[in-house]
Structure formats: C-alpha cells, structure tokens
Amino acid sequence: MRRTLVASVAGNAMEWYDFFIYGTAAALVFGQLFFPKNGDPLIGTLGAFAAFAMGFVARPLGGIVFGHIGDRLGRKTSLVWTLLLMGVATFGIGLLPTYESAGILSPILLVVLRVVQGIASGGEWGGGVLMISENADERNRGYLSAWSQLGVGGGFVLASAAFLAVQALPHEQFMSWGWRLPFLGSVVIFVLGIYIRRRLPESHDFAEAAQKDKTTHLPVVEVIRRHPKEILVAMGLRFAENGGAYIFLAFSLVYAKYVGIPNAIMLTGVTVAMVVEMAAMLAWGWLSDRIGRKPVYLIGAVGLMVVAFPFFWLLDTRQPVMIYFALILGTAVCHGAMIGTLPALITELFSTEVRYSGVALGHEVASVFAGGLSPVIATALLERYHAAWPVAVFLMILGLITVITLLVSREPRRVVTSRVTA
C-alpha cells in the first residue's frame, strides 16, 4: 500500500500539473497572447476561459475511452496512456505561436491542444483514485483514498509555483517567452511520470476480477444500464466541489486583477491555500471513515454556500492576510471536505467490473458544467455587473445542487457495514 500511495500521488501530481498550468496561464496571460486585443481586458480573458472550458467538454470522451481501457485492460495501462497524451499536449502549448504572429490559427491550435488535455484528464482522475481505493481496507478507505487527491493538490502547487517563478522575469521577457517555460519544462515531469507508472502494480480488485473473468465487454454501456442513479449522484456531488474549486483557484486570479491585487500576492495565496488543503484532505478523509461520507461532504457543500459572499468581501480588503484567509477558508475547509471524501464516496457507488467507467463518466460529465463553465460564467458575470455579488450567488447555487443530491442519496452500504463491525 505504501508503494502504491507514493506512486499514485507522484503520478497524479505530474499529470495534474500539466492540466492546471493552463488555468493559471488563462487567468494571467492567454487573453493577451492568443486572442484579439480590444479595450476591455476581461473579453480576452473570457476567450481564454472559453478555451479552458473546451478541455472540460472533452473530458467525458476521455472518461469513456480510458474507462473502457481501464475496465478491460487494467487501471495501470489506462494511466500510462493518459499521462502520455497529457505530456504531448502540454509541451505543444509551450511551442504555440501567438495571435500577433499567426492570427486566428493561434487560438484554434490552443483549443485543439486543450481538448487533448481534456481527453487525457478525463481518464486520469478515476484511474488515480482506483489504484488506491481498490487496494485499501474498507475501514480506512476514506483516509487512504484521500491520498490520491494530494497528487491533484501537488499538481496545482507545482503549476502555481512555476508561474510565480517565471513572473520574476521582467514583464516584457515574461510575456514574450517566459510564460512558455512552465509548459516546456513539463517534459521532465512527463519522463518521470511514465517511469513511475510503468512500475506501478495493478489494483487488487481489478486483478481479482480479471482472474475470475468478471470483466465486461462494453463497460460503459453496462454501467449506464445497471447504475444510472449512481451516475447522476456522482454528477450532483461534483457541482459544489468542482465548480467551487475553479472559482476559488482560477477565477479569483481574474477578480484580484480586476480589483488591483498584485498577481504575486494571489499566486502566493493560492499556493499556500492548496498546501494547507492537502493536509486537510487527509483529515476530512479520516473523518469520513468515522462518521460517514455524507455528513463530511455535507459540511463542505453547506460551507461553500456560507462563505460565498465573505470570500469576496475578504478579497476586497486587498490585505494579504485577509486574502490568504479567504483562500484557505474556501479551499481547505469547504472544498477540502468534499474532495477529501469524494474518492471513497464515488468509488463505493459502482461494482468492480464497471467501476472505472462509472467513476469516469459521473465525474467527467459533471465537470463540463461545473469546473469547465464556472470560470466562464463568473468572468461573464463580472464583465456584465462589475461586481462580485452575482458570482457569490452563483456559488450558492452550485452548493445547493450538491446539498440536494446528498439529501436524496444514501450512505454507501459498505461504509455503514464497516462502521458497525468496527
């Protein structure tokens, strides 16, 4: 288990570094580099976030493709291919010509490579989670599965740190070539990731199912037929978690720029907040083994609704301490409670032979509407109203969708049984 944890966390961090680095660049520079210049800088940023959303539109396709591979050929095989695809796309973005030199071809190529990133990430999350959860004991599955999210958090920290480092360059150098370095540097991460994943053992549950010939020919079709309610539950859980995360960690950079907060303060803030959240994820996962998945997840979803307005009030103070507090409150407390519990909760919804497809489908279809559109909607609301209150209302709506989902769903049977026998 120790070997699986280390390998899974490291591999996930390398993969998600590639995915998150686009979100940071979209908030800070892509609007100016890849889209026509006009009087309102928010319009260019809106275009960059629209391309950002295309990656999420492609994620369900990746979930279907790599879910099939994972349920048929193994979790390990699927994860090697997702990393290969992600590495090629991210390195390619670092080589793209800007709008000034290539015109309309520039944003088109950016969208194409973002779609490739989306396909890869669509198969990544489920596989990374299953490599741990399918090897974990039922009594501590919540805690151990939460470790898989350290890779997601680690990828975000690496992406933020990379941009924080290159922003130390003079502005002209940063805008001309410095922004490319985090993308081109991903080749090192790619090589390390492939090496780690090829040495990763297959998950216990899949190996057992394959040995007993319990795999299914068309897992995506089978999971839709057998688990339609569970797929809808998985989707509903994601609205507050995924949508809230990208408003706290991506749109907040746009809002900060709009109200005059220096990029360095925000990048430092989101990096610190994510480091704190990485520890909080494990604590929330541990708590879900003690009191159940639903109560812990409910803390996060209700918390999101409660802090929606205060989050922006704290940013409006322009005081670094208040800004850092807002980011930690939104991520470590609200998002952390959900993302720390989600891996075990969503895994326990599906049977082994269709689990990868079920997890990927429920997780990634919701990401189109939650994480993919949230920064676009939030930026459009800011551009229209020039105020944060509509975005706060939008956050509350996301939280409400997830709260309703939790209220109409049941605690996974395995969790209830485990708590009784313990």
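**Salt bridges, nonpolar cores and aromatic pairs**

A salt bridge joins the side chains of Arg-75 and Glu-134, with an N to O distance of 2.6 Å. Arg-75 belongs to helix 3, whereas Glu-134 sits in the loop between helix 5 (105-133) and helix 6, so this pair ties together parts of the chain that are 59 residues apart in sequence. Arg-75 and Glu-134 are both buried. The structure described here is a predicted model, and the values given below are computed from it.

Glu-134 also meets the side chain of Arg-355 in a salt bridge, at 3.0 Å from N to O. This pair again links distant parts of the chain, with Arg-355 in helix 17 (residues 355-372) and Glu-134 in the loop between helix 5 and helix 6, 221 residues apart. Arg-355 has a relative accessibility of 2% and therefore counts as buried. Glu-134 counts as buried because its relative accessibility is 2%, below the 20% limit. Through shared partners, salt bridges join Asp-71, Arg-75, Glu-134 and Arg-355 into one network.

A further salt bridge is formed by the side chains of Asp-137 and Arg-139, 3.4 Å apart from N to O. Asp-137 is partly exposed, at 41% relative accessibility. Arg-139, at 53% relative accessibility, counts as exposed, since the limit for this class is over 50%. The count of salt bridges in the model comes to twelve.

Ser-145 is located in helix 6 (residues 141-146). Its relative accessible area is 1%, so Ser-145 is buried. When residues up to four places away in sequence are not counted, Ser-145 touches Ile-132, Ser-133, Pro-343 and Ala-344. Between the C-alpha atoms of Ser-145 and Gly-126 the separation is 11 Å, and these two residues are 19 residues apart along the chain.

Attention now turns to the nonpolar residues. In soluble globular proteins, nonpolar side chains tend to be buried together. In this model the largest nonpolar core has 107 residues. The residues with the most contacts inside this core are Val-29, Phe-30, Phe-163, Trp-179, Ile-247, Phe-251 and Phe-312. Helix 13 (residues 228-259) supplies the largest share of the core, 18 residues. Another core, of seven residues, lies apart from the largest one and includes Leu-79, Leu-130, Met-131 and Ala-360.

Trp-179, named above among the core residues with the most contacts, is in contact with Val-29, Phe-30, Leu-33, Phe-34, Ile-93, Phe-163 and Phe-174, leaving aside its neighbours within four places in sequence.

Aromatic pairs were examined next. A pair of aromatic rings is described by the distance of the centres and the angle of the planes. The count of aromatic pairs comes to 15. In the pair of Phe-30 and Trp-179, the ring centres are 5.6 Å apart and the planes stand at 90 degrees, so the arrangement is edge-to-face; planes over 60 degrees apart fall in this class. The pair links distant parts of the chain, 149 residues apart: Phe-30 lies in helix 1 (residues 2-33), and Trp-179 in the loop between helix 8 (171-176) and helix 9 (181-184). Both Phe-30 and Trp-179 are buried.

Phe-163 and Phe-174 form an aromatic pair that is likewise edge-to-face, with 6.3 Å from centre to centre and 80 degrees between the planes. Phe-163 lies in helix 7 (residues 148-166) and Phe-174 in helix 8, eleven residues apart, and their pair links distant parts of the chain. With a relative accessible area of 0%, Phe-163 is buried. Phe-174 also counts as buried, at 3% relative accessibility. Ring pairs link Phe-30, Phe-34, Phe-163, Phe-174, Trp-179 and Phe-183 into a cluster.

Nonpolar residues are found on the surface as well. Phe-91, Leu-95, Val-187, Val-188, Val-191 and Leu-192 form a nonpolar surface patch, which together has about 530 Å² of accessible area. Helix 10 (residues 186-198) gives the most to this patch, with four residues. Phe-91, another member of the patch, is placed in helix 3 (residues 75-93). The relative accessible area of Phe-91 is 33%, so this residue is partly exposed.

Notes. Residues numbered from 1 in each chain as written. Predicted model: local features only at pLDDT ≥ 70, side-chain atom pairs only at ≥ 80, totals over all residues. Heavy atoms only, no water. Core = buried A, V, L, I, M, F, W, Y, C linked by side-chain atoms within 4.5 Å. Buried < 20%, exposed > 50% of the residue type's maximum accessible area, 1.4 Å probe, protein only. Helix = DSSP H or I, 4+ residues; strand = E, 2+ residues; numbered from the N terminus. Contact = heavy atoms within 4.5 Å. Patch = residues over 30% accessible without salt bridge, like charges linked within 9 Å, V, L, I, M, F, W, Y side chains within 5 Å. Areas by Shrake-Rupley, 256 points an atom, 1.4 Å probe, with all protein chains shown as cover. Salt bridge = Lys/Arg side-chain N within 4 Å of Asp/Glu carboxyl O. Phe/Tyr/Trp six-rings, centres within 6.5 Å; stacked < 30°, edge-to-face > 60°.
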